[in-house]
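Have the viewer open as you read.

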Amino acid sequence: MMNDAITVHNLTKQYNNFALDKVSFRIPMGSIMGFVGENGAGKTTTIKAILDLIAIDDGTITVLGSDHKDLSKEKKSLIGTVFDGNHLPENMNPGEINLVMKRIYPNWNEKAFHSYMDKFQIPYKKTVKEFSRGMKMKLSIGVALSHNAKLLILDEATSGLDPMVRDEILDIFLDFIQEEDHTILLSSHIISDIEKIADYVTFIHKGRIIFSENKDDLIYNHGIIHCKNTDLDMIDTNYIVGVQKNQFGSKVLIRDKEYFVRRYRNYAIEKASIEEIMLFISNKRGEH
Amino acid sequence: MAGLIIKDLINLKRYGKILGVLIAIYAIMSFINKDVSMFNGFFTVVLAMITISSYSFDEAAKWDSYALSMPVDRKDIVRGKYCLLLIITLIGLGISLLFTVSINLYTGSNSLLKDFEFSIIGGLGLLFLYSIIIPFITRFGVEKARIIIIIVLMLPMAIGYLIKNSFNNEIIIPEIILEISELFLQYKSIIVSIGIVLALSISYNISVKIYQKKQF
């Protein structure tokens, strides 16, 4: 669909001890998709598949309206990427990186790059290998934002950054998304970042998509109740997403909150965070 | 692709200082001995190391997967490496020619062509060697390809040594081989040039095929 910046449909990739199993989600143009999941859940593998860095066994992936394997250089120049751990040449300094990038990206914006380097206080003369992890990430983000990209694919771009810098960078992402044709896919295990900026959340667990939904709907539709362990049997199991039991009672994640409230008026419902929703669901899956 | 080559050259620039010192030492020794062969021989080895280092740098930084997310296709990356090899060889030959001219002027010797021929043979030998090893590096990476590189380097020497020892000078070379050898010597420049171009183009095509299927 042309209105989607990325569409992943039934993506399947089998490794010896891990598999992406029919992964499907779509990222509407103009939105931020938070791609969450524990380490090893398949976030990076999915991103590699989107970027055609690995061969997929089955499924289709569309990026900016083209099959991911047939992306023209023109379309690729509209994609900014930040990889977990930074993949910039270690021996180069930002000035030299600018020299290289302006010959790689036809739409390279030198002025924007210098401005980001100043903003992030990245020293021009130091080589990448002398940078801290946070500085490397900021440099990568600076590169991704300096060629008039329309789609940012960010793999753990905010991990390793202190909270102040993370906040600063999240604000830059929010600025970026102000243009209606700009889109971000942000994979992260820092849920607070996703809660802060994402419009949609896709949760991957052990290579499978557990949900891919609008963040507000997700929060609106779920809620948490506290009840006695004995009360659990009286609640329709269709409403129960997960239960955490202890000796004092149970904490229950409820779906279809609105209907639940109408049916069970005696329970006070608390707002569920994305992190809680994820934890309840993944713990439930772990039981099976 | 120009960006990829510039990236490699900037990366390798870090070798510049160390190389400068080594070149100076060998140059002085060659001047003292009034013999360019030591310098040119050393230079060939240095050139051989440099191109491999560009692969090591890329692997250490996981550069390829990053580059492939840019407006760069897989063919560009392979082509960039072959161009880098040719550029380094040409720079090497240029420095070697400068040095050979200087030493000939200094010694008043008239062996410029003969001395420079030695460098050209070294350069062409390198190109041939790389046309064999680049596909292996592309397929296995520098670390795993190292052992293959050693085999490629040692194999001709080992075969030559074995032949020499087995026949122990009692070898009778058939007339036809002598005739072919003479013909080869007569047209050696053309034959070697065509051979190198052929080897490089076959090697390039194999590397592209390997790289198209590579996963990161």
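## What counts as a cavity

A cavity here is a set of grid points where a 1.4 Å probe fits but cannot get out, and its lining residues are those with an atom within 4 Å of a point. Keep in mind that this is a predicted model.

With that in hand, take the second largest cavity. Its lining is made up of B:Leu4, B:Lys7, B:Asp8, B:Asp58, B:Trp63, B:Ile77, B:Gly80 and B:Lys81. Sorted by class, that comes to three nonpolar, one polar and four charged residues.

## The largest cavity

How many cavities of 30 Å³ or more does a search of the whole structure find? The count is two, and the largest holds about 70 Å³ of space.

Around the largest cavity sit B:Asn40, B:Phe43, B:Thr44, B:Leu47, B:Thr89, B:Gly92, B:Leu93, B:Ser96, B:Ser119, B:Gly122 and B:Gly123. Three elements of chain B give two or more residues to this lining: helix H3 (37–61), helix H5 (74–107) and H6. What about charge? The lining of the largest cavity has no charged residues, with eight polar and three nonpolar ones instead. By contrast, four charged residues turn up in the lining of the second largest cavity.

## The overall build

Of the 216 residues in chain B, 39% are buried.

## A nonpolar patch outside

Now for the surface. B:Ile147, B:Ile150, B:Ile151, B:Leu153, B:Met154, B:Leu155, B:Met157, B:Ile159 and B:Ile163 form a nonpolar patch there, and together they have about 860 Å² of accessible area.

One of the patch members, B:Met157, belongs to helix H6 (residues 112–167) of chain B. Is B:Met157 buried or exposed? B:Met157 counts as exposed because its relative accessibility is 54%, and the cut-off for exposed is over 50%. Helix H6 also shows up in the cavity story, as one of the elements giving two or more residues to the lining of the largest cavity.

How values were computed: Residues numbered from 1 in each chain as written. Chains lettered and ligands numbered in written order. Predicted model: local features only at pLDDT ≥ 70, side-chain atom pairs only at ≥ 80, totals over all residues. Heavy atoms only, no water. Patch = residues over 30% accessible without salt bridge, like charges linked within 9 Å, V, L, I, M, F, W, Y side chains within 5 Å. Areas by Shrake-Rupley, 256 points an atom, 1.4 Å probe, with all protein chains shown as cover. Salt bridge = Lys/Arg side-chain N within 4 Å of Asp/Glu carboxyl O. Helix = DSSP H or I, 4+ residues; strand = E, 2+ residues; numbered from the N terminus. Buried < 20%, exposed > 50% of the residue type's maximum accessible area, 1.4 Å probe, protein only. 1 Å grid on protein atoms, 1.4 Å probe; cavity = no way out; pocket = protein on both sides within 12 Å on 5 of 7 lines; lining within 4 Å. Points joined across faces, edges and corners; volume = space filled by probe spheres on them. Nonpolar A, V, L, I, M, F, W, Y, C, P; charged D, E, K, R; others polar.
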